[in-house]
Amino acid sequence: MQRHVDAVVVGAGFSGIYMTHKLRQIGLSVVCIEKGEGVGGTWYWNRYPGARVDTHSVEYSFSFSEEIQQEFDWTDVMPTQPDVERYLNFVTDRLDLRPCMLLGTAVTRLSFDEDTGRWTVETDSGQRCDAQFVVAATGALSVPIEPDIAGLDTFGGETLYTNRFPAEGYDFHHHRVGVIGTGSSGIQCIPVIAEQADQLYVFQRSAAYTRPSIARPFEPGELEAIKEQYPAIRARERAAFGGLIWLNAIERDGPPPERKILDTPLEERMEVLDELAWEAPLAWADVLTDLEANDAARDLYAELVRRVVEDPETAASLVPHYPMGCKRLVLDVGYYEAFNRPNVRLVDLRKGGIERITPSGVKTAQGDFEIDVLVCATGFDAITGALKRIEIKGREGRTLNETWGELGPLAYLGLQIPGYPNLFTVNGPGSPSVLTNMVVAIEQHVEWIAECIAQVRERNLHTIEATLEASEEWALHVGSLAEGSVRTAESCQSWYLGANVPGKQRLFLPYVGGLPRYRERCREVADEGYTGFQFS
């Protein structure tokens, strides 16, 4: 069966839900296609124990509807996965979007017809759509990296993956458990598993920077008081560098710190540490731009770890060896405290890596570890991964993988790829995306795309397409902003650079200039008649 529509939206997470609503609002017929059996995107799949947002619930929500803001009640200050999934289902039903959605269906191929100027969308169920516009709302962290470990298929126990954890959960009581991976997913699930398992081995290849979350349920009347402040909160979010204003935001709303750690005597640094605790390592103007300053901040971080973790050897292994700010800063609930439990052991793989998985456990250069359950928390192919796994053919039948293989992951403003007319990307490479409050970034992208499509249709134009020249210039600009910072240092091997995916080109993909500056540039482009784009 083939459906003829104005637009297809791929994905039903935050961006897909809002994009579907916005396109329908401007009068388009829309089909939203989602691989999962339910809406939620990342928050549908990542159901592992302890899964939680690292942003305040009020900020991790849509601002476009005053009714939705007032009607939905969050339960926690830092929402859990079930809370976010409940919220996105509420929004979907409140906007009556389900009739537009095709769930449990994966998009396998997108093909552009130069004669008709339309896209053919094919799926794994055999259903097809013919559309003038396609919006890839596929998510920046939606494609998991499958662990490439010898012998994984021989393991005789239970193997679980944080990116597709059983919806009904899992009882770890009376089990010996091994967790591979200590990024955000691993750090969140480890304390929960530690409370249940008879024995927990944490296999750590690279330690992470983390700090305590302010996670807790809302006090009586607290959320109601916040709801009265929504207009002011949203205005401050849009003006904030990272779109975040609340506690635990990496980028603060207000002037950056002025004092430099290298100009501060050690005794005063320790006074700042006593005063600010986990805020102290990043409370200096030079930490993210000077590697020597970064090393000094890491010493403060190491002291904080030592104050929590009782075993000196374990504490030393839990201190990252790469620059602070190079990778994502994670928020945790009792992560370091878990290593004080007698049933938890850290296996530092820098002292001897994993050789293979055996039928009874994990074999490392340090010895064998027998387990009953293996939990893999091995990360994502970020930002570009989801698009590269769909066969996308643009002009002259050229695939996206061919284009990006030759030119790098070009996307003008993170919104469009040259050679692929009428195909838009939400939070694509070159956009602020993962360095900001994702929901604020998504809303700006969706609204810009919807306005652009409305302009194309009102002017009776056929296609809009980013030019190669503008896309290359934007990629150079994005790279120049990150150059010279700790994020692009040789010692930094982060997923921002694609360093966690074997064979992936090493390029810094997100825009680091901040949301206000990025929003201003997007507005200028539109006001100037969509400079950097060409119409037919």
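1. Which residues touch the most other members of the largest nonpolar core? They are F14 and W448, in a core of 66 residues. A nonpolar core here is a set of buried Ala, Val, Leu, Ile, Met, Phe, Trp, Tyr and Cys residues joined through side-chain atoms within 4.5 Å. Buried means under 20% relative accessible area with a 1.4 Å probe, protein chains only. Helix α14 gives the largest share of this core, nine residues.

2. On provenance: this is a predicted model, where local features need pLDDT of at least 70, side-chain atom pairs count only at pLDDT 80 or more, and totals for chains, interfaces and linings use all residues. Numbering runs from 1 along each chain as its sequence is written, and side-chain values use heavy atoms, without hydrogens or water.

3. F14 touches W43, Y60, F62, V84, Y87, L88, V439 and I442, leaving out residues up to four places away in sequence. Contact means heavy atoms within 4.5 Å. Another core, of 50 residues, lies apart; V177, C189, L273 and L329 are among them.

4. The axes of α14 (residues 438–458) and α16 (residues 515–527) come within 12 Å and cross at roughly 0 degrees. Axes are lines fitted to C-alpha atoms over the stretch in contact, and angles run from 0 to 180 degrees between N-to-C directions. So α14 is roughly parallel to α16 (an angle under 35 degrees). W448 is one of the α14 residues in the contact, and Y518 one of those from α16.

5. Strands β13, β14 and β15 form an open sheet in that order, with antiparallel pairing. Pairing requires at least two DSSP bridges. Four bridges join β14 (residues 361–364) to β15. V362 has F369 as its bridge partner in β15.

Technical notes
Helices (H or I, at least four residues) and strands (E, at least two) are DSSP runs, numbered from the N terminus. Angles under 35 degrees count as roughly parallel, over 145 as roughly antiparallel, 65 to 115 as roughly perpendicular and the rest as oblique.
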